[in-house]
Amino acid sequence: MNNLPNDPVMLYSVINTKLRDQYSSLEALCEDLSLEEEELVTKLSRAGFQYNKELNQFK
């Protein structure tokens with residue numbers, strides 16, 4: 001997944017920072033960074049994080 005951390009907690013932090021500071025949606029982030037949205041969501045959900053569309057962040 002691009003140059004993103006493999007550790008799920010670090011990935012969670014990086015993705016949420018990008019969502020907060022640069023992207024209005026997970027879809028926009030994935031499109032811009034050429035990421036598979038389903039793969040990202042799956043990886044983070046395995047670590048206990050779920051995407052909240054209304055808040056535009058993983059919790």
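Guide: A residue counts as buried when its relative accessible area is under 20%, as exposed when it is over 50%, and as partly exposed in between. The model is a predicted one. F49 has a relative accessible area of 14%, so F49 is buried. Y12, at 24% relative accessibility, is partly exposed.

These two residues belong together. The structure holds 2 aromatic pairs, and Y12 with F49 is one of them. Planes under 30 degrees apart count as stacked. The ring planes of Y12 and F49 are at 10°, with the centres 3.9 Å apart, and therefore the pair is stacked. The pair connects distant parts of the chain: Y12 sits in helix α1, F49 in the loop between α3 and β1, and 37 residues separate them.

Y51 and F58 also form an aromatic pair.

F58 leads on to two other parts of the model. One is N16, a residue of helix α1. Leaving aside residues up to four places away in sequence, N16 touches Q57 and F58. N16 has a relative accessible area of 13% and so is buried.

The other is the largest nonpolar core, which has 14 residues. F58 is among those with the most contacts inside this core, together with I15, L29, L35 and L40. The elements giving two or more residues to the core are α1, α2 and α3. Of these, α2 supplies the largest share, 4 residues.

That brings in the packing of α1 and α2. Two packed helices are described by the angle between their axes and the distance between the axes. Helix α1, residues 8-21, packs with α2 at an angle of about 105°, and the axes are 10 Å apart. Angles of 65 to 115 degrees count as roughly perpendicular, so α1 is roughly perpendicular to α2. On the α1 side the contact is made by I15, K18 and L19; on the α2 side, by L26, L29 and L33. By class, this contact has 5 nonpolar residues, 1 charged residue and no polar ones.

Most residues other than glycine have a negative phi. S34, which is not a glycine, has a positive phi of about 55°. S34 lies in the loop between α2 (26-33) and α3 (37-46). With a relative accessible area of 67%, S34 is exposed. N56 also has a positive phi without being a glycine, near 55°. N56 lies in the loop between β1 (51-52) and β2 (57-58). At 13% relative accessibility, N56 counts as buried. In brief, S34 is exposed, whereas N56 is buried.

Conventions:
Residues numbered from 1 in each chain as written. Predicted model: local features only at pLDDT ≥ 70, side-chain atom pairs only at ≥ 80, totals over all residues. Heavy atoms only, no water. Buried < 20%, exposed > 50% of the residue type's maximum accessible area, 1.4 Å probe, protein only. Axes fitted to C-alpha atoms, helices over the stretch in contact; angles between N-to-C directions. Parallel < 35°, antiparallel > 145°, perpendicular 65-115°, else oblique. Contact = heavy atoms within 4.5 Å. Nonpolar A, V, L, I, M, F, W, Y, C, P; charged D, E, K, R; others polar. Phe/Tyr/Trp six-rings, centres within 6.5 Å; stacked < 30°, edge-to-face > 60°. Core = buried A, V, L, I, M, F, W, Y, C linked by side-chain atoms within 4.5 Å.
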